Amino acid sequence: MKTFFGALFITLAIISTIILLPTMLPKTQYPTYTDDELRKIALKEGLYAVPQTDQELLELVDNPNNLMSTQKIVLGKKLFNDKNLSYDRDLSCASCHILKDGGDDNIPTAIGHNKQKNPSHLNSPTVLNSAIATRLFWDGSAKDLEAQAAGPIQAHFEMNMKPQHIVQRVNQNDQYKEMFKQIFGQNAVTFENVKKAIASYERTLLTYG
């Protein structure tokens with residue numbers, strides 16, 4: 001019986017302490033802010049209002065070192081879907097980033113050049129909304145879409161191409177040469193500009209309602 005009442009007393013004491021705890025602790029005074037002050041704090045922390053138009057959204061994801069344009073996006077889309085940019089002409093960016101199926105490859109391990117599996121047993125991550133990612137690739141090694149675009153093209157287990165081979169392939173296409181000239185100027189078919197065009201297109205692959 002003593003054990004019962006002892007346990008009951010301890011239980012009641014704990015419950016009473018929990019109930020009274022808020023009144024025993026000092027009250028915290030939280031600062032109050034006006035709407036304008038909150039807006040300034042949010043902007044300082046890198047938070048922005050949700051874009052209300054397509055144009056505002058595209059401006060938000062744009063790269064000041066590679067500004068988007070309609071022509072550049074059209075060129076980037078063509079390159080993104082072009083299998084000539086792979087060694088055996090059998091793979092494109094779109095082969096592993098299936099836009100109608102979520103922007104990834106829908107398999108456990110990515111398959112690339114010569115049916116090679118990704119050596120790290122990784123699949124192709126989605127390209128959808130990649131424009132708002134702060135880091136790209138599974139290990140976060142690419143800082144932007146320009147850097148990301150260069151990786152799969154050159155990886156021996158993916159598209160297995162070298163920059164000079166990409167330039168040769170693009171130069172074989174008169175339409176490409178004219179588009180590069182209009183967008184980037186003379187002698188514009190470079191691997192750097194190929195990356196820029198693909199990245200510009202990828203920045204438009206956003207999901208929103």
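Reply: Start with one term: contact means heavy atoms within 4.5 Å. This is a predicted model, where local features need pLDDT of at least 70, side-chain atom pairs count only at pLDDT 80 or more, and totals for chains, interfaces and linings use all residues. Residues are numbered from 1 along each chain as its sequence is written, and side-chain values use heavy atoms, with hydrogens and water left out.

Me: Leaving out residues up to four places away in sequence, which residues does L79 touch?
Reply: Near neighbours in the sequence are not counted, up to four places away. The residues that L79 touches are then L85, V170, Y176, F180, V194, A197 and I198.

Me: Which residues touch the most other members of the largest nonpolar core?
Reply: A nonpolar core is a set of buried Ala, Val, Leu, Ile, Met, Phe, Trp, Tyr and Cys residues joined through side-chain atoms within 4.5 Å. Buried means under 20% relative accessible area, exposed over 50%, partly exposed in between (1.4 Å probe, protein chains only). The core has 26 residues, and those touching the most other members are L79, I166, V170, F180 and I198.

Me: Which helix gives the largest share of this core?
Reply: Helices are DSSP runs (H or I, at least four residues), numbered from the N terminus. At least two residues of the core come from each of α4, α5 (93–96), α6 (145–154), α7 (163–171), α8 and α9 (191–202). The largest share is 5 residues, and it comes from α9.

Me: At roughly what angle do the axes of α4 and α8 cross?
Reply: Axes are lines fitted to C-alpha atoms, for helices over the stretch in contact, and angles run from 0 to 180 degrees between N-to-C directions. Helix α4 covers residues 70–80 and helix α8 residues 174–184. Their axes come within 10 Å and cross at roughly 145°.

Me: How many residues of the contact of α4 with α8 are nonpolar, polar and charged?
Reply: Ala, Val, Leu, Ile, Met, Phe, Trp, Tyr, Cys and Pro count as nonpolar, Asp, Glu, Lys and Arg as charged, and the others, Gly among them, as polar. Among the residues in this contact are V74 and L75 of α4 and M179 and F180 of α8. The division is 8 nonpolar, 3 polar and 2 charged.

Me: What is the phi of R89?
Reply: Most residues other than glycine have a negative phi. R89 lies in the loop between α4 and α5, and R89 is partly exposed, at 40% relative accessible area. R89 is not a glycine, yet its phi is positive, about 55°.

Me: Is Q148 buried or exposed?
Reply: Q148 sits in helix α6. Beyond four places in sequence, Q148 is in contact with H97, L136, F137, A142 and E202. With a relative accessible area of 10%, Q148 is buried.

Me: How far apart in sequence are the parts that R203 and E146 tie together?
Reply: A salt bridge is a side-chain nitrogen of Lys or Arg within 4 Å of a carboxyl oxygen of Asp or Glu. R203 and E146 form one, with the closest N and O atoms 2.8 Å apart, and both residues are buried. R203 lies in the segment after α9 and E146 in helix α6, so the pair ties together parts separated in sequence by 57 residues.

Me: Which residues do salt bridges that share partners join into one network?
Reply: K40 pairs with D36, their closest N and O atoms being 3.6 Å apart. Both lie in helix α2 (residues 35–44), 4 residues apart. The network joins D36, R39 and K40.
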